[in-house]
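Subject: Structure handover

Hi,

Here is the structure for your files. My notes on it follow below.

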Amino acid sequence: MAQLRQEVGPDEAGLDARALERLDQHFARHVGEGRLPGCLIAVARGGRVAHLTTHGLRDVAAGLPVEADTLWRIYSMTKPVTAVAVLQLVEEGRLSLDDPVERHVPAFAGPRVYESGSGTGMRTRPAEGPILIRHLLTHTAGLTFGFYYKHPVDELYRAHGLEYSVPPGAGLAETVEMYASLPLQFEPGTQWNYSVASNVLGRVIEVVSGQPLDEFFAERIFRPLGMTDAGFHLAPGQTERLAELYGETDDGGITPVPGLPVHSRPRFLSGSGGMVATAHDFHRFMEMLRRGGELDGTRLLSPATVAQMTRNQLPGGADRHAFGAPAHQERSNDGLGFGFNVSVVVDPARTAAPQSLGTYGWTGVASTAFWVDPSHDLTVQFMTQLRPKTLKVFPELRRLVHEALVD
């Protein structure tokens, strides 16, 4: 078991210690007011951790504190890991970004696109072209999520038991076949819509590699990077380090809620949101990206591939709203484009909080977040376990970290 540690002082890393104190006070106040159970904040420059703090409890009922080696359900922060796995196969020539998905998952042949109506009266038409691997990586495939409650196609997902992406008891292969049987919300490549696409990518990885997704991740990413605790389920001895998941109550408090089942190997291996990891694990992953695909002499991707993954892939340099993101996507997304399973800042003046041009990263539904800021050689991660209703963690986190930069 490896554990993240602070390596240098803030001053040596070009960070303002007083600003970092304000950062800690802000989140300690959330914990003290009962709005967050506990959290971990890590800030590094040039690969060296210059600020590492923990606040509150990983298990409120048991009185167990957040510690540097606490395990977290990182949910959608799994997606960039899935992108790296796909790009490894691309570099090996076993997959192409322009492959039709049907080449690897035949059920996606002949996709149909929503035209009008709903339910049994829904009208669809043949898609003008196939879904490509790059469409899945950029969430422009026309897929959706069943929990949006905003469009007749997501209503159809719910009717097929896909409100939470997977029917009870189903595995990855059969779930992806179900996605393929449903119409697309729009023509592939014409809009951005956050979706189940990374689960489809997980299945593509399995088909192309001939390995289950968890084995591929472990062999090709976790072990090479020294991500010693990362996985899709807990190993013996890890259970007591797992943080409990909480939901925000109507009065702004917190209450335990069911979390991603990780106490045994899941039947459904989700490339969209299935991972658990420690802060040490995700620091190693961020460092590999920051260094252009290499860490401690181990290279996972070429610098050119990492540069492609982490730059905006939307046509004409558009942000997600300019590229037709549906109305239910938050307006705070303005100024953010999208690479391969990471957001990318394309217009800092329009983002919800101060961010540098080219900064990339992603978040998880339990209020976890990471980003890499190449212009400041900065990496940041925030770990907690809260499914929020009203609490807005990320804008203040980004603002307070940005204020700590002094060179």
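Of the contacts in the protein between residues at least 6 apart in sequence, 68% join residues at least 24 apart. Contact here means heavy atoms within 4.5 Å.

Two points on provenance. This is a predicted model, where local features need pLDDT of at least 70, side-chain atom pairs count only at pLDDT 80 or more, and totals for chains, interfaces and linings use all residues. Residues are numbered from 1 along each chain as its sequence is written, and side-chain values use heavy atoms, with hydrogens and water left out.

Overall picture

The protein has 10 helices and 17 strands. These are DSSP runs numbered from the N terminus: helices are H or I with at least four residues, strands are E with at least two. The C-alpha trace spans about 60 × 45 × 45 Å along its principal axes.

Buried residues make up 60% of the 407. Buried means under 20% relative accessible area, exposed over 50%, and partly exposed in between (1.4 Å probe, protein chains only). The accessible surface comes to about 15,500 Å², and 50% of that belongs to carbon and sulfur atoms. Areas come from the Shrake-Rupley method with a 1.4 Å probe; for residues, only the protein chains shown count as cover.

A helix pair

Helix α2 (residues 78–91) and helix α6 (residues 197–209) have axes that come within 10 Å and cross at roughly 35°. Axes are lines fitted to C-alpha atoms, for helices over the stretch in contact; angles run from 0 to 180 degrees between N-to-C directions. From α2, Lys79, Thr82, Ala85, Val86 and Leu89 take part. They meet Ser198, Leu201, Gly202, Ile205 and Val208 in α6.

Two loop residues

Ser165 sits in the loop between α4 (152–159) and α5 (172–181). Its relative accessible area is 10%, so Ser165 is buried. Leaving out residues up to four places away in sequence, Ser165 touches Phe145, Thr175, Tyr179, Val196 and Asn199.

Ala349 lies in the loop between β13 (343–345) and β14 (360–363). Ala349 counts as exposed because its relative accessibility is 74%. The C-alpha atoms of Ala349 and Asp334 are separated by 9.3 Å, with the two residues 15 apart along the chain.

Best wishes
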